[in-house]
Amino acid sequence: MNRSVLVATALCAAWALSPAEAQRARPAEDIDPTSRMANFGTGIGIADITKMADILVRDLFQRPDIMNAPRPPRIILDGAHIYNKSSQRIDTDVISDQLRAQLIRAAQGRLRFLSRENVQLIEEERELKRQGQTDVGTRGLTRAVAGADYRLIGRLTSIDGRDGRTGAEQRAMQLMFELVDLESTETVYISEPYVTVRQQTARDMNR
Amino acid sequence: MAVRSGAFVGVAMAMALVGTAHAAPRAKLATPEEVEAYVARRPDPLKPLARNLYTGGERNAVLNFNRIGLAAMEIGDYQTAEASFDAALVRIEAVFTKDNRAKAAKSIFGKESNKDWRGEPYERAMAYYYRGLLYLRAGDYGNARASFKSAEYQDSVSEYEEFQADFGVMNYLIGWATRCMGDDPRAEFEYATKAQADLVEPPKDHNLLMIAELGAGPTKAREGGNKEKLVFRATEGFPETMAFFSLPPEMQSAAPSPRGRRGAAAAVPAPAQGRALQGQTAASILYQATTRGGRPIDGILKGKANLKTGTTAVAGGLLAGGAMVGGDTGAYMALGGLALGLLGGAMKAEADIRYWDQLPDLISIATARVPGDPDVDVSFSGPFGQLTLPPVPMMQARAGKCSIAWTRSRSALRVDDAPGDDVGVRMAVARKDAARNVGFRAELEGGK
């Protein structure tokens, strides 16, 4: 192919594939929720939460005093008692839901979880049964709702830093849990701190 | 003939390629019907801002989300306000490795306003601040604290060390949220009172935070021979400098006395009932805007301006010299001058002056201990006494341990498009960004 052909082809192709034309709205991609790609920025994301929950479940299951108790201990775990003291805005229900799901599925009855966040709903249903507006169901009545032995309390904290010269931003985050005895206040278990340190350099001209 | 047929084949191949590339559906601008359908689903006061958002695309998304967020807070549409600020903050926090709009802004032939607007640090801090107030309203003190921490962090990018982290109101609010969480906030209040002399730590038993925003925040303007310098100007015509919070008689306790105020002292207006608390001046947004120092883009704009000035000067010299020399040489010089003159004229060094026009000038704060739901009334005064201003609705809520009452002296409702925007750039970018904005509009439609 001679030179004029190449030039003509290149010119037309360049026009055809110019950035404005080459841009197309692309459909959303699926990303593995356990991969690093699932986390943007310097904070924690769903991949961290899944990994942290997995570590905590394995760790807690190594504790015979809790897992092999003659009567399965009752635990309260909810997002309201995962304290976010970090600089990242986060829905702590994502953490509590992931933990509860992994713990309940793995424990197979050796731990019992109480749903305190739904207590009002349960009280209303109990009231309907006791007033005779509904029958008692198939499992009978209990004198009171179940009392708890422990509460799993979490704390999310962070340290932020910025290099004014390069614009690099760094954030260290720590997530840890304590299992607190609701009679004695004793901490009977503490998780290994889950720590991430992430840095990114902003290429945004505003920063 | 062989050459001609070869060229023909080449052009035909290229045209085939063109045909393939153009066969896919082209991204298009929003049609008037699509715009109206989107706008029709918004509350009336938000309709003009929703139209701006839908048509403004990603380039003005942060500004438009911020404007909708604040207007929605004013009309009590807190769900929209939360979603809007979340959408703005996601974009503020995003870090791009390949940003065509930023590249265009840095190009010598492109204006800075090509870039996606994310605001100056004080504007970004205020987006976090409003999100934090909405979290306080909902009783989500952890995320409120995180928002105020992020707001305070935005101030840490100041060029001058003495102005870094001097946005004391953010530390105060971190302290307030920390206390509402049940933790010890002493360190944060200490920071706040050091950074802002008017602030004092609220008594431990206070559970109501009252905030009034006064006046209008800074506007942006261009200075310099090529309009390359961004400057902030105070907005005149807003005399209010003080807020007084009135509580019903049964609501006891008071805020600590302020240790001094900006401007002359004014008589405390007598409340209709109960007692009035004078707010403490917690922040000046103009001060925050003007103490930030240089931006990374300023160096680029200065370089562009110098190049433009130099090119234009050489062009002028060549034109004048050509006229003097005459003959063929003079003609060539004149031609060269003309070409350089055109080149200089095409260079764009103007600073981007899009700004968030709803921001206040001052933030005034008071606290109190109240037994139940807050029921606060606010009045404003200036150096010459009490002012009668059109009422702006107040956000009042109690959730968890604490309550909040928030209002403004001036309405945040707006009808105009992004203030300070360059219409030519907006239209050009809208065409170039057509594909990106298809996704943007899909995101908006997804939010209904």
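These legends describe close-up views of a predicted model.

Local features need pLDDT of at least 70, side-chain atom pairs count only at pLDDT 80 or more, and totals for chains, interfaces and linings use all residues. Residues are numbered from 1 along each chain as its sequence is written, chains are lettered from A in the order in which they are written, and side-chain values use heavy atoms, leaving out hydrogens and water.

**View 1. The largest nonpolar core has 72 residues.** Such a core is a set of buried Ala, Val, Leu, Ile, Met, Phe, Trp, Tyr and Cys residues joined through side-chain atoms within 4.5 Å; buried means under 20% relative accessible area (1.4 Å probe, protein chains only). B:Tyr129, B:Tyr130 and B:Leu133 have the most contacts inside this core. Helix α7 of chain B (residues 121-138; helices are DSSP runs of H or I, at least four residues) gives the largest share, 11 residues.

**View 2. Here are the partners of B:Tyr129.** Beyond neighbours within four places in sequence, B:Tyr129 is in contact (heavy atoms within 4.5 Å) with B:Phe148, B:Ala151, B:Met170, B:Leu173, B:Ile211, B:Glu213, B:Ile363 and B:Trp406.

**View 3. Helix α5 of chain B covers residues 78-93.** Among the buried residues of α5(B) are B:Tyr78, B:Phe85 and B:Ile92. Their cover includes α4 (61-75), α7 and α15 (434-446) of chain B, along with strand β10 (395-399), strands being DSSP runs of E, at least two residues.

Conventions: Buried < 20%, exposed > 50% of the residue type's maximum accessible area, 1.4 Å probe, protein only. Expected span 1.5 Å × (residues − 1).
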